[in-house]
Amino acid sequence: MALPQKVTPRCSGMLTEVMTPETEIQSEMHNVTDIFSRILEANKEIIDVLLEGDMALPKRRNAMKCLNGTYCKWPKSKSNLVEVPYTIANDFYSAEKAVIENAMKTISAKTCIHFVPRTNQLDYLSIENLLGCWSTVGRSGGKQQVSLSVHGCVSHGIIEHELIHSLGFYHEHTRSDRDQYIRINWDNIPKESAYNFQKQDTNNLNTPYDYNSIMHYGRTAFAIQYGMETITPIPNPSVQIGQRLEMSNIDIQRINKLYECAL
């Protein structure tokens, strides 16, 4: 599965809209679109080469067992912090870089994950303005691309979502015990998209299923027709799913459990 490498074009001197937590909260009053629906919109041209809409499998191996092992975790430093080196491409404007770095700081403030500018580390995140919003899952080795297109992806919640993928986490709706909490409406999903809803053999870290996770699909993800539900919470179908703004408390708890953070 080849990673999409096309660079997102932008008009010279034109700053695209960037979404900080504050502006996203303001826009929430008239925008009911969940984070993952916005990711799917940004990824519509490359959806066929991504897993579950925004995950790129690493070239060296299949990382589907990430949560069951340690090989794809980022290592701890001597200071007992998990340092994740990163670079940000030069074609992001300063305001866009600030939003990206603020999302990193939000994760760091609540976990032992510290995103640090790369010096000479071999394994690092390369944050680039490519086509769409996507990441590999967990540490894949060497230069590890995270795509944050300036057209739709430079948003606090979307950045957190992709960074959490890079830390080793999959979407909530594919966890191994999901059938106790959601119903997948297969008739509302195109056959060619059904693979995006297959359960994975995950280690759930003894945490509860989280409808409010920033990693959860919205109700209509990959629907065969606009507005059709592909995911319905059970037993209460009115439970809200599809995050819009920020990591949930359980998202934070999971990161801390996986990386054995002592906070």
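This is a predicted model: local features need pLDDT of at least 70, side-chain atom pairs count only at pLDDT 80 or more; totals for chains, interfaces and linings use all residues.
Helix α5 itself spans residues 249-258 and is mostly covered, with 7 of its 10 residues buried. These buried positions are Ile-250, Asp-251, Ile-252, Arg-254, Ile-255, Asn-256 and Leu-258. In an α-helix there are 3.6 residues a turn, so residues three or four places apart point the same way. After α5 comes Glu-260, which has a positive phi, near 50°.

The largest nonpolar core comprises 54 residues, and those with the most contacts inside it are Ile-113, Phe-115, Leu-167 and Tyr-259. When neighbours within four places in sequence are left aside, Phe-115 is in contact with Val-84, Tyr-86, Met-104, Ile-107, Ser-108, Leu-125, Leu-163 and Leu-167. Another core, of 6 residues, lies apart from the largest one; Ile-46, Leu-50, Leu-131 and Trp-134 are among its members.

Several features of the backbone were then examined. Most residues other than glycine have a negative phi, and most peptide bonds are trans. In the loop between β6 (182-184) and β7, Leu-205 has a positive phi of about 60° although it is not a glycine. The relative accessibility of Leu-205 is 12%, and this residue therefore counts as buried, the limit being under 20%. Phe-222 is also found in the loop between β6 and β7. The phi of Phe-222 is likewise positive, at about 65°, although this residue is not a glycine. Phe-222 is buried because its relative accessible area is 12%, which falls under the 20% limit.

A further backbone feature concerns the peptide bond between Ile-234 and Pro-235, which is cis, with an omega of about 0°. Pro-235 is situated in the loop between β7 (231-233) and α5.

Although Glu-45 and Gly-132 are 87 residues apart in sequence, their C-alpha atoms are 8.1 Å apart in space.

Notes: Residues are numbered from 1 along each chain as its sequence is written. Side-chain values use heavy atoms; hydrogens and water are left out. A nonpolar core is a set of buried Ala, Val, Leu, Ile, Met, Phe, Trp, Tyr and Cys residues joined through side-chain atoms within 4.5 Å. Buried means under 20% relative accessible area, exposed over 50%, partly exposed in between (1.4 Å probe, protein chains only). Contact means heavy atoms within 4.5 Å. Helices (H or I, at least four residues) and strands (E, at least two) are DSSP runs, numbered from the N terminus.
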